[in-house]
Amino acid sequence: SVTLFGVVDAGVSSYSNKSDLAVPSLTAPFLPGSVKVSRTALSNSGYNSSRIGFRGTEDLGGGLAASFWLEAPISNDDGQQGIATFARRSTVSLSGGFGEIRLGRDYTPTFWNDTVFDPFGTNGVGTNLISTANTSFGTWLGGGTTSVPGFTNVTGSNYVRASNSVGYFLPPNLGGFYGQLMYAFNERDKYDPGAATPTALNTQRTGRYVGGRFGYANGPLDVAASYGNSTIGDNFFVGTTTSVKTFNLGASYDFGVVKLFGEYSKAKNEVDVENAFLVAAPDVDLKGWLLGATVPVGPGLIRVAYSAVKYDFNLPTTPFFTTDDPKANKFAIGYVHNLSKRTALYATVARVRNKNGAGLNLGGPAFVTTLSGAAYAPKTSTGYDFGIRHAF
Amino acid sequence: SVTLFGVVDAGVSSYSNKSDLAVPSLTAPFLPGSVKVSRTALSNSGYNSSRIGFRGTEDLGGGLAASFWLEAPISNDDGQQGIATFARRSTVSLSGGFGEIRLGRDYTPTFWNDTVFDPFGTNGVGTNLISTANTSFGTWLGGGTTSVPGFTNVTGSNYVRASNSVGYFLPPNLGGFYGQLMYAFNERDKYDPGAATPTALNTQRTGRYVGGRFGYANGPLDVAASYGNSTIGDNFFVGTTTSVKTFNLGASYDFGVVKLFGEYSKAKNEVDVENAFLVAAPDVDLKGWLLGATVPVGPGLIRVAYSAVKYDFNLPTTPFFTTDDPKANKFAIGYVHNLSKRTALYATVARVRNKNGAGLNLGGPAFVTTLSGAAYAPKTSTGYDFGIRHAF
Amino acid sequence: SVTLFGVVDAGVSSYSNKSDLAVPSLTAPFLPGSVKVSRTALSNSGYNSSRIGFRGTEDLGGGLAASFWLEAPISNDDGQQGIATFARRSTVSLSGGFGEIRLGRDYTPTFWNDTVFDPFGTNGVGTNLISTANTSFGTWLGGGTTSVPGFTNVTGSNYVRASNSVGYFLPPNLGGFYGQLMYAFNERDKYDPGAATPTALNTQRTGRYVGGRFGYANGPLDVAASYGNSTIGDNFFVGTTTSVKTFNLGASYDFGVVKLFGEYSKAKNEVDVENAFLVAAPDVDLKGWLLGATVPVGPGLIRVAYSAVKYDFNLPTTPFFTTDDPKANKFAIGYVHNLSKRTALYATVARVRNKNGAGLNLGGPAFVTTLSGAAYAPKTSTGYDFGIRHAF
């Protein structure tokens with residue numbers, strides 16, 4: 001009654017991240033105009049995320065079923081991460097005509113559009129920029145991430161997944177309509193009277209996630225919208241709550257010879273203030289869009305995607321200086337050659353271009369931002385994956 | 001030849017722990033009379049401990065068999081703990097007409113009565129107080145616990161389980177009699193001559209466990225007694241050894257319409273001194289008892305338990321002040337609704353009452369013990385579990 | 001399509017490591033002439049390494065196959081290490097008439113001769129001294145090892161295994177000839193221009209491994225040679241690279257009543273200098289040899305091995321003082337009693353003798369090297385394993 005399943009995906013990847021001297025000047029006449037830092041590595045998960053999982057379903061009669069799903073991320077390139085966590089998914093469910101109630105750690109509703117409408121499925125160097133930018137977006141206004149040392153995928157950012165969640169899914173067979181809701185407990189301590197709250201703790205709501213997704217899939221069309229609110233910081237005594245609010249809308253249409261993908265995403269990192277006399281920091285906005293296509297070629301698949309993001313810090317305009325908002329775009333192209341349903345060879349190349357201080361890369365070492373005291377600004381990030389994906 | 005098995009148990013739990021101002025006085029006129037700290041969480045293991053295990057048996061012929069059992073605790077509510085350890089059980093055995101020899105990490109003989117004669121099986125908010133009090137009892141006289149960071153269940157306290165153990169089990173079919181012995185190696189270094197022992201190490205016997213259990217189960221009756229000695233600290237040069245000595249006796253009788261449970265437990269945390277001129281700290285005694293019942297109701301089971309513990313610090317009596325010994329009691333009631341043999345819904349509510357400085361809770365955040373410099377004494381701890389248990 | 005396999009091996013082991021007072025003198029008249037430190041423990045992997053693994057192969061047609069192998073070391077004696085890593089092996093392969101391409105973490109070619117031509121298979125107290133000495137050989141000239149805290153087998157030393165590797169294996173059926181090549185990526189960052197390399201990082205090549213093995217196995221004979229180069233340290237600005245270069249040659253011949261084993265090994269830990277004016281530290285050489293035999297006795301097997309190693313620091317000879325090079329030898333004898341193909345009882349005893357400052361042991365606590373300010377020199381290390389190995 002248990003299905004053991006998994007993916008072992010390994011490849012050779014290379015990353016090259018270039019920065020330009022920010023303000024070429026007389027004070028730094030001998031500094032190089034640009035600095036490139038690169039790395040070649042055996043990587044995992046270039047096409048599909050490497051994993052091992054256990055899952056099963058029990059028919060309880062009367063249309064009712066109980067099921068579980070425990071799925072671990074693994075780092076098969078270096079063998080350092082086995083089934084240490086079930087950070088990819090760890091749920092128990094009760095389902096029936098009413099839909100499905102699911103308890104545990106699972107994908108957030110707001111992440112789905114970022115990955116299912118990406119021809120590269122947010123894996124490898126081809127991962128779309130909306131996903132790359134949103135992954136680190138929670139840190140802009142002081143939100144923190146907690147993680148288990150040495151293991152990936154377990155964080156408090158709740159962008160991709162949320163722990164301690166209760167989810168509800170609509171039943172299938174609603175004429176193509178589908179939908180889900182999720183609430184993730186923050187599991188913080190509440191003091192009564194509130195004045196007994198320790199000053200150091202002061203994170204009573206951090207970690208909470210609320211969101212939902214609703215879509216329609218029929219024949220060649222799939223379209224879905226989602227909205228979520230993730231509490232990433234709060235201060236009980238000051239009376240502030242910091243949250244990331246995300247909306248996105250994605251669609252794909254399969255014409256047979258080509259399948260088109262598109263997504264629009266809008267996220268806001270904002271501080272809510274209870275105290276009327278306190279002026280909050282301005283919101284940070286993040287907008288992104290994606291256009292992509294896949295073209296089947298015999299046993300293979302060509303994949304192409306263009307994605308772009310733009311930050312807006314909502315700073316007051318000043319008469320003399322205007323700082324243009326940071327933005328970045330990315331182009332990725334790749335080919336997957338299926339040796340069987342379970343085994344495929346793949347190759348992807350991609351390039352990110354940063355402007356006005358944006359610093360997104362597609363993997364590998366961090367951009368050089370200072371050298372001999374001079375500032376360098378991130379510019380391009382280029383890279384490739386070349387590997388094999390084997391599923392079992 | 002391998003059986004893969006497991007339990008995924010998740011639910012919503014809430015805990016509320018209240019402390020009262022210890023000495024209401026003129027110096028703290030504006031302090032609240034009581035402070036409550038509460039938490040609501042998605043929890044695991046409210047009915048049965050979440051786990052994944054691998055086990056198997058090989059028939060060697062001639063009545064002989066070899067078997068193994070590797071069982072990992074998992075935290076399916078947050079997915080942070082996968083099969084990182086086999087801390088629940090990790091053994092290899094050789095068995096035959098003589099009984100069974102078992103090597104590895106296993107339950108201690110003295111823990112069994114605390115759990116099998118508890119209607120709530122030491123899981124969730126209903127866990128009996130004997131178990132709650134004994135879990136932390138080793139720390140009273142300076143015994144330490146070691147653990148792997150980030151993972152539960154691997155500790156040096158040896159209350160529930162012991163690592164590095166050799167166990168012996170009587171064969172089945174002794175007319176209802178059963179029994180087991182366990183010796184756990186401390187794996188400490190011994191120096192010859194002894195004077196070469198490093199001062200800093202000085203824990204030559206810490207971690208050793210010796211114990212046994214003997215019982216009789218026939219028809220509706222099950223009764224068993226156990227005794228164990230766990231070395232929790234020692235100092236080679238001073239010549240002291242600190243140990244927890246535990247005795248308990250438990251029984252259950254199944255009348256059909258109701259099954260009754262009872263247990264009596266006595267533990268002593270004492271310092272043995274080799275030096276005749278040294279006066280040891282007085283022993284700390286811990287006594288506890290339990291009365292419980294389960295009542296089958298169609299596909300369900302009602303569970304009730306009352307348990308109580310009392311500490312005795314064996315302090316000399318003083319003419320003017322008497323400090324009453326700390327004590328606590330607990331009442332728990334719950335219902336389990338079996339959807340199948342493998343899947344059940346459950347609900348439990350429980351309440352702990354502390355007196356004279358006892359500070360036991362049923363889960364959740366720690367009691368508030370100081371506020372604005374004033375002392376608060378733990379009083380009540382209330383909570384509930386509401387969840388689903390799915391086994392595979 | 002997945003095979004779940006494993007070994008659970010546990011036993012009682014004892015180790016006793018004795019050091020002698022290095023320079024008995026009038027200044028330390030009351031110090032003991034020798035100090036012995038010993039330990040008895042429940043151990044794992046005394047005969048075969050305890051493990052759990054998942055592996056599978058998919059026939060892709062046309063002689064092509066894809067396969068994966070994920071194997072975790074486990075510590076079943078204390079249950080603290082479950083499937084936390086796949087540090088024993090973690091690979092995905094594509095194989096066909098051309099041979100096999102294997103990606104991930106795997107054994108290095110240079111380790112194979114050290115283990116397959118050892119009657120004790122580098123497990124337990126019988127492990128040959130070539131392996132014991134090479135395990136720590138990378139640390140002699142400043143090479144470091146990195147590891148995941150709390151888990152064994154994941155290190156940067158690349159003696160036994162290498163992460164992030166690409167391997168090639170000759171196809172079978174080459175008339176008994178077999179061979180393999182391996183390249184392991186160091187995954188370090190490269191800066192362009194090179195002058196931008198951070199001083200603190202300065203380990204651009206550390207972790208790289210290149211090696212190969214070639215052999216012939218036919219009927220009773222098996223003989224193989226291997227060579228490898230492991231980069232264990234480097235300094236970009238000084239222009240030095242430290243590497244361990246290993247060559248070994250091993251053979252076994254099965255006469256039926258007895259199977260003989262032999263190996264010769266030579267390793268060099270050397271610093272390559274790019275700067276012509278810089279004088280590098282002298283190389284450290286490590287030579288070792290092994291003679292062994294196994295004798296089948298009914299369902300059992302007697303195992304005997306003698307191994308010896310010698311270090312050479314290539315120090316300049318001085319007229320008055322000569323420091324003899326450290327050396328050590330070891331004798332091990334044991335018996336394995338097979339209860340079935342999967343289950344065996346085993347016993348091994350062994351003794352290491354150190355001379356001229358060598359400090360190799362067969363397990364357990366470290367040698368005492370100082371006592372009350374006086375130096376002690378490691379001498380003998382004796383120990384035994386007595387246990388059970390169960391495979392599934």
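This is a predicted model: local features need pLDDT of at least 70, side-chain atom pairs count only at pLDDT 80 or more; totals for chains, interfaces and linings use all residues.
Good morning. Local features here need pLDDT of at least 70 and side-chain atom pairs pLDDT 80 or more, while totals for chains, interfaces and linings use all residues; side-chain values use heavy atoms, without hydrogens and water. Residues are numbered from 1 along each chain as its sequence is written, and chains are lettered from A and ligands numbered from 1 in the order in which they are written.

I begin with symmetry. Chain C is superposed on chain A by a rotation of 120° with 0.1 Å of shift along its axis, at an RMSD of 0.0 Å; copies are fitted by least squares on C-alpha atoms of residues with pLDDT of at least 70 in both. This is the relation of a three-fold axis. In chain C, the C-alpha nearest the axis belongs to C:Ala84, 2.5 Å away from it.

Do the copies meet through the same or different surfaces? They meet through different surfaces, because only 11% of the interface residues of chain C are also interface residues in chain A.

Buried means under 20% relative accessible area, with a 1.4 Å probe and protein chains only. Among the buried residues are C:Pro109 and C:Phe111.

Finally, C:Ser67 lies in strand S4 of chain C and is buried, at 15%. Beyond four places in sequence, its contacts (heavy atoms within 4.5 Å) include A:His390 and C:Gly56.

Terms used
Buried means under 20% relative accessible area, exposed over 50%, partly exposed in between (1.4 Å probe, protein chains only). Helices (H or I, at least four residues) and strands (E, at least two) are DSSP runs, numbered from the N terminus.
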